[in-house]
Amino acid sequence: MIPQVRDNQALPRYWYLLDRFCCNQLCMWEDLSAMSPHEPRPARRALRLAPVGVVLILAFVTAVLSALAVFYAGWNLLAAHELKPERVIDSKTLFDLVKLAFSVVAGAGALVALVVAYRRQRVDEARAALDEDSALRDATRLHTERFTSAVAQLGDGSAAIRLGGVHAMAGLADDAPSRELRHTCIEVLCAYLRLPYASETNVLGNDAAEHAYLASREVRHTVIRLIRDHLRLPADHPHSWQGHDLDFTGVTFDGGDLSKAVFSGGNVSFKRAVFSGGVVDFHGADFSGADIDFSHATFAGAEVSFLGARFSDGSVDFSEATISGGEMDFWMATFTGCDILFYESVFSGGNVGFQRATVADAATNFETADFAGTQCSFADAAFTDDVVDFSGTLFRDGRVDFTSASGLPRGLDFASTARTTAPDVLIPSATWQSGT
């Protein structure tokens with residue numbers, strides 16, 4: 001059943017639930033305020049430096065001791081046990097003594113400069129580290145303020161203000177200093193879609209209710225469009241949302257454009273979602289390495305298009321879904337290295353098309369599915385040495401057409417596994433029947 005909300009009377013209660021959710025997220029933000037963008041940062045200890053006078057004395061003593069050690073070693077190696085005394089110092093000897101004095105002074109100055117430079121470097125490093133921590137705290141504090149403002153806008157009774165809140169939350173996700181904070185913003189937008197939503201059929205004939213419905217519909221479709229735009233960005237783009245979990249559990253879709261979005265990695269849940277009308281467009285979408293869950297979803301009146309979509313290295317789960325109206329189109333879709341699950345699904349109306357779809361190195365499971373009135377076509381589909389399981393599948397009404405399907409899937413045996421209660425419901429491919 002589609003959850004109903006008449007007019008705006010029940011909206012404050014839903015916004016209260018959203019505020020509670022956001023308050024919990026704010027607590028997490030405060031816990032993350034002392035973290036770096038990637039990992040927790042240990043508490044920094046205060047920089048401790050000895051007084052410069054003590055350091056210089058120690059440096060001079062160390063230098064003198066080192067010089068004496070070198071002189072003593074050279075003295076022993078040269079076996080110079082006696083010095084020849086000179087009664088008169090000539091100009092050459094005096095000049096050598098002056099040079100020696102200047103060398104000692106220059107060495108002392110260089111030692112002082114070295115000590116000062118080292119201390120300045122340590123102070124600069126400590127100041128930079130403190131500035132980094134301070135900048136992160138300031139950025140987190142600013143994000144917290146913006147987050148609070150955006151949540152307040154999302155909970156407003158005016159659709160125009162809610163629309164501004166949607167854009168503010170998306171911008172906040174782009175500017176988030178860490179992946180965790182970005183995911184929090186994305187989750188808030190998904191949670192907005194999960195809020196109860198009235199269907200179009202419940203507002204017809206009531207101008208005020210229809211106006212509120214259309215306004216709310218525009219806000220929700222904007223959320224879907226912003227998610228799509230961020231999923232279209234390359235994975236290395238700083239504002240890309242690829243790889244994040246997306247939770248659309250129980251969402252009512254009466255349209256929405258997710259075409260050419262890239263769902264790479266993570267979990268994408270449409271579990272118990274209701275596709276009640278309009279066009280929900282997934283054409284050209286790329287589901288790569290992601291687990292896509294449409295289990296228990298209801299397709300009743302919407303046109304859901306997966307035209308040319310690509311599914312690879314993951315799973316596509318339509319188990320126990322109900323297709324009772326509308327259209328579900330997988331025309332020219334590609335399934336590679338993934339599991340396609342339709343077990344225990346009920347096809348009781350509408351049209352489902354897999355025309356010219358390509359299934360390669362993928363397992364297709366229709367076990368105990370019930371075809372009871374749906375027009376389902378696999379015409380010209382290409383199967384490449386795959387397992388297609390129709391164990392216990394019931395064909396009792398409608399039409400399931402495998403005409404011109406190519407390839408001979410392993411494990412496909414309609415005669416022993418499928419059950420047909422009405423003639424001409426199931427039309428197998430001629431190549432499968434002949435085994436060629």
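**Figure 1. Aromatic pairs in the predicted model.** In this predicted model, the count comes to 39 aromatic pairs. A pair of aromatic rings is described by the distance of the centres and the angle of the planes. In the pair formed by F270 and F294, the ring centres are 4.6 Å apart and the planes stand at 0 degrees, so this pair is stacked. F270 belongs to the loop between β5 (267–269) and β6 (274–275), and F294 to the loop between β9 (291–293) and β10 (298–299), so the pair ties together parts that are 24 residues apart in sequence. F270 counts as buried because its relative accessibility is 0%. F294 is likewise buried, with a relative accessible area of 0%.

**Figure 2. The tilted pair of F299 and F318.** F299 and F318 form an aromatic pair with 6.1 Å from centre to centre and 40 degrees between the planes, an arrangement classed as tilted. F299 is part of strand β10, whereas F318 lies in the loop between β13 (315–317) and β14 (322–329), so the pair ties together parts that are 19 residues apart in sequence. Is F299 buried or exposed? At 3% relative accessibility, F299 counts as buried, because the limit for a buried residue is under 20% relative accessible area. F318 is also buried, and its relative accessible area is 0%.

**Figure 3. A charged residue over an aromatic ring.** This view shows R220 and Y197. R220 lies over the face of Y197, at 4.0 Å from the ring centre.

Figure 4. Most residues other than glycine have a negative phi. H296 is found in the loop between β9 and β10. With a relative accessibility of 34%, H296 counts as partly exposed. D313 is also not a glycine, and its phi is positive, at about 55 degrees. The loop between β12 (310–312) and β13 is the place of D313. Is D313 buried or exposed? D313 counts as exposed, because its relative accessibility is 56% and the limit for an exposed residue is over 50%.

**Figure 5. The second largest cavity and its lining.** The structure holds three cavities of 30 Å³ or more. The view shows the second largest cavity, in which about 60 Å³ of space lies. Which residues line the second largest cavity? The lining consists of F335, I340, F354, A357, V359, T364, F366, F378 and F383. By class, eight of the lining residues are nonpolar and one is polar, while no charged residues take part.

**Figure 6. F354 and F378 in the cavity lining.** F354 and F378 are among the residues that line the second largest cavity. F354 lies in the loop between β17 (346–353) and β18 (358–360). With a relative accessibility of 6%, F354 counts as buried. How many residues apart in sequence are F354 and F378? They are 24 residues apart in sequence, and 4.8 Å apart in space from C-alpha to C-alpha.

**Figure 7. G350 and E327.** G350 has its place in strand β17. At 24% relative accessibility, G350 counts as partly exposed. In sequence, G350 and E327 are 23 residues apart, and in space their C-alpha atoms are 5.6 Å apart.

Figure 8. E180 lies in helix α5, which comprises residues 179–194. E180 is partly exposed, with a relative accessible area of 38%. The C-alpha atoms of E180 and H244 are separated by 9.8 Å, and the two residues are 64 residues apart along the chain. Are C185 and C190 buried or exposed? C185 counts as buried, at 0% relative accessibility. C190 also counts as buried, at 0% relative accessibility. How many disulfides does a search of the whole structure find? The search finds zero disulfides.

Technical notes
Residues numbered from 1 in each chain as written. Predicted model: local features only at pLDDT ≥ 70, side-chain atom pairs only at ≥ 80, totals over all residues. Heavy atoms only, no water. 1 Å grid on protein atoms, 1.4 Å probe; cavity = no way out; pocket = protein on both sides within 12 Å on 5 of 7 lines; lining within 4 Å. Points joined across faces, edges and corners; volume = space filled by probe spheres on them. Nonpolar A, V, L, I, M, F, W, Y, C, P; charged D, E, K, R; others polar. Disulfide = S-S within 2.5 Å. Buried < 20%, exposed > 50% of the residue type's maximum accessible area, 1.4 Å probe, protein only. Phe/Tyr/Trp six-rings, centres within 6.5 Å; stacked < 30°, edge-to-face > 60°. Helix = DSSP H or I, 4+ residues; strand = E, 2+ residues; numbered from the N terminus. Lys NZ or Arg CZ within 6 Å of the ring centre and 35° of its normal.
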